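Subject: Structure handover

Hello,

Here is the structure we talked about. Please open it first, then read my notes below.

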Amino acid sequence: MSVVAPLGRPAGTFDPRRIKRDFPVFANNPGLVFLDTAASAQKPAAVIDEVSEFYRNDYANVHRGVYRLSARSSERFEAARETVRRFLNAPDTREIVFVRNATEGINLVAYSWGQTFLKPGDEVLVTELEHHANIVPWQLIRERTGLKLVAAPIDATGGLDLATFERLLGPRTRLVAVTQLANATGAMVPVEAIARMAHAHGAKLLIDGCQAAPRMPVDVQALGCDFYVFSGHKTYGPTGIGVLWAKYDLLEAMPPWQGGGDMILNVTFEKSTFQDPPHRFEAGTPDISGAIGLARALDYIDALGRDAIAAHEADLTGYGADRIARLPGVRLVPAGQRRFGILSFHVDGIHPHDLAQVLDQHGVAVRAGHHCAQPLLDKLDLPATTRASLGIYNDESDIDALCAAITAAQKMFAG
Amino acid sequence: MDPRELYQDIILDHGRHPRNFHALAHPSHFAHGHNPLCGDRVTVYVELDGDRIKDVSFEGRGCAISTASASLMTEILKGKTLAEAEALFKGFHAAVTGDEQPPPAGLEDEMERLAPLTGVKSYPARVKCATLAWHAFEAALRTGAVGATVKTE
């Protein structure tokens with residue numbers, strides 16, 4: 001830990017070693033140095049137990065049965081929605097749509113809002129820092145709407161070139177869709193400034209909060225966005241559940257994108273009428289236990305303190321960047337003015353896949369590859385990188401183990 | 001786990017100093033191999049003399065496993081007949097996917113030389129690294145001097 005605790009954080013209250021004990025995977029895999037939370041976070045016992053307890057006591061389908069068990073299940077499912085609302089500081093619980101993951105949330109906006117409101121020549125402005133999940137859905141509906149997809153470039157430091165971004169905003173820009181924190185490099189994106197610029201041009205703003213939601217306080221009202229998506233599994237919750245938040249008037253104007261049970265008011269063979277949001281967008285039996293597990297995960301990280309998590313990850317990012325940058329023959333991938341939670345690097349003379357393989361054999365789990373951000377890696381002229389990403393259970397000893405393993409790999413490949 | 005299980009000296013050596021690492025001036029056949037998952041690219045060049053491989057070489061960039069595999073492949077295939085090359089590819093593919101088979105008759109020494117690469121059979125994600133050059137070689141023979149691209153995903 002750093003010697004000086006940032007303001008507002010009493011020293012010693014955030015203890016990753018104690019937190020690690022909340023995660024059974026570490027007891028079951030002694031020596032595991034897990035540095036791949038950006039791909040998916042490990043799960044605390046609280047979440048695993050919550051899902052199990054729900055199935056043992058209160059499980060039935062939601063919104064259908066008149067019997068008490070179904071009522072309890074529905075109550076817990078809807079209580080989870082309220083927990084998500086609180087987590088995002090959204091004004092209205094009806095604005096929380098449960099989806100499979102952030103990818104599905106972006107696809108929902110593209111297929112429902114995009115196909116309804118985008119006309120040929122309208123522009124969707126993204127950045128070069130995006131995950132494929134915030135590129136490909138727009139390309140798919142480009143075929144159907146004639147929209148123009150524009151990508152704002154990064155600058156020489158690897159951060160978003162904000163001046164060029166502003167110049168690319170124009171009268172045809174209808175939507176700005178940006179990541180809050182780039183998954184491949186850890187570059188933070190100034191989303192508040194982007195919100196002001198986007199709205200000044202009459203564009204809506206979608207934020208991909210996959211990497212930010214687990215790492216820092218998120219207040220959709222303060223951010224000033226119109227859509228916000230994140231994935232449950234990256235936020236210490238179960239796989240298969242994610243969240244789309246959107247302003248209620250936007251959701252209300254959007255048509256359903258999938259049809260089925262639970263999203264209708266009345267069905268005849270001539271015509272069906274649909275529920276109000278959020279149920280209009282939740283066709284079929286939802287991931288009930290996933291939503292309940294996610295709510296438990298959000299409560300868990302709220303109890304740790306999201307300011308404390310952000311301060312811890314900022315400290316550890318600084319420590320990690322410093323340690324890695326000092327290793328001879330190792331270069332950090334540029335991440336702009338503010339790198340957060342993710343350390344992407346390459347080692348001279350060692351292919352990232354070989355490096356990740358050898359690190360694994362030292363017990364260090366990292367990701368190697370293009371991190372679903374091929375346009376960004378093309379721009380950086382890298383076929384792949386090695387990526388270490390942080391979570392609430394990591395501390396300096398994990399970074400030290402990573403650095404020792406990198407040095408051992410260098411020795412091995414140098415012969 | 002011992003990292004050397006996968007990265008034996010012979011692999012590290014061929015990964016660092018690949019043999020036959022250049023284009024052929026007059027290939028009768030060539031093809032590109034691409035592993036989109038890790039970005040590895042290899043081009044394999046072949047010069048046939050009748051049904052015998054007069055020369056074979058490669059270029060590209062990739063991990064130590066794919067580079068070493070391509071390098072060993074070119075050393076072993078030089079001078080072989082097409083039938084021998086096909087038998088070696090079959091035998092090698094079986095060996096790296098954990099399908100225990102007796103080595104093809106008369107090619108026991110060649111299979112022995114490829115043995116260090118069979119460590120990948122415990123690492124399913126790396127099998128494609130070891131077979132990329134072989135797939136490109138096979139595609140080259142199929143398509144001749146026009147060139148083709150094979151992808152392993």
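Two residues are in contact if their C-beta atoms, placed from the backbone, lie within 7 Å. By that rule Ala152(A) touches Leu125(A), Thr127(A), Glu128(A), Leu160(A), Asp161(A), Thr164(A), Phe165(A) and Leu168(A), not counting residues up to four places away in sequence.

Some ground rules. This is a predicted model: local features need pLDDT of at least 70, side-chain atom pairs count only at pLDDT 80 or more, and totals for chains, interfaces and linings use all residues. Residues are numbered from 1 along each chain as its sequence is written, while chains are lettered from A and ligands numbered from 1 in the order in which they are written.

Chain A

Back to Ala152(A). It lies in strand E4 (residues 148-152) of chain A. Helices (H or I, at least four residues) and strands (E, at least two) are DSSP runs, numbered from the N terminus. Ala152(A) counts as buried because it has 24 C-beta neighbours inside 10 Å. The cut-offs: buried means 20 or more other C-beta atoms within 10 Å of the residue's own, exposed means 12 or fewer, and partly exposed is in between, with C-beta atoms placed from the backbone. Gly232(A) is 80 residues away along the chain, and its C-alpha atom is 28 Å from that of Ala152(A).

Next, strand E7 (residues 227-231) of chain A. Five of its five residues are buried. Phe227(A), Val229(A) and Ser231(A) cover one side of E7(A), with Tyr228(A) and Phe230(A) on the other. Two strands pair if DSSP finds at least two bridges between them. E7(A) runs parallel to strand E6 (residues 204-208) of chain A, joined by three bridges. There, Leu206(A) stands opposite Phe227(A). E7(A) also runs antiparallel to strand E8 (residues 242-246) of chain A, over five bridges. Here Val229(A) faces Leu244(A).

Chain B

Chain B has five helices and four strands. Their order along the sequence is α-β-β-β-α-α-α-α-β. Of its 153 residues, 44% are buried. The C-alpha trace spans about 45 × 35 × 25 Å along its principal axes.

The four strands form an open sheet in the order E3-E2-E1-E4, with mixed pairing. Strand E3 (52-61) and strand E4 (149-151) of chain B stand at the edges with a single partner strand each, so one side of each has no neighbour in the sheet. Neighbouring strands are turned by 20° against each other on average, direction ignored. Axes here are lines fitted to C-alpha atoms, for helices over the stretch in contact, and angles run from 0 to 180 degrees between N-to-C directions.

Strands E1 (residues 29-35) and E2 (residues 40-49) of chain B pair antiparallel over seven bridges. His34(B) has Arg41(B) in E2(B) as its bridge partner. Helix H2 (residues 64-77) of chain B packs on the sheet, touching E2 and E3 of chain B, at about 165° to E3(B). Helix H5 (residues 127-143) of chain B touches E1, E2, E3 and E4 of chain B, at about 145° to E1(B).

In helix H1 (residues 9-16) of chain B, Ile11(B), His14(B) and Gly15(B) are buried. The buried residues of H1(B) pack against H2 of chain B.

Between the chains

The contact takes 14 residues from chain B and 13 residues from chain A.

Best wishes
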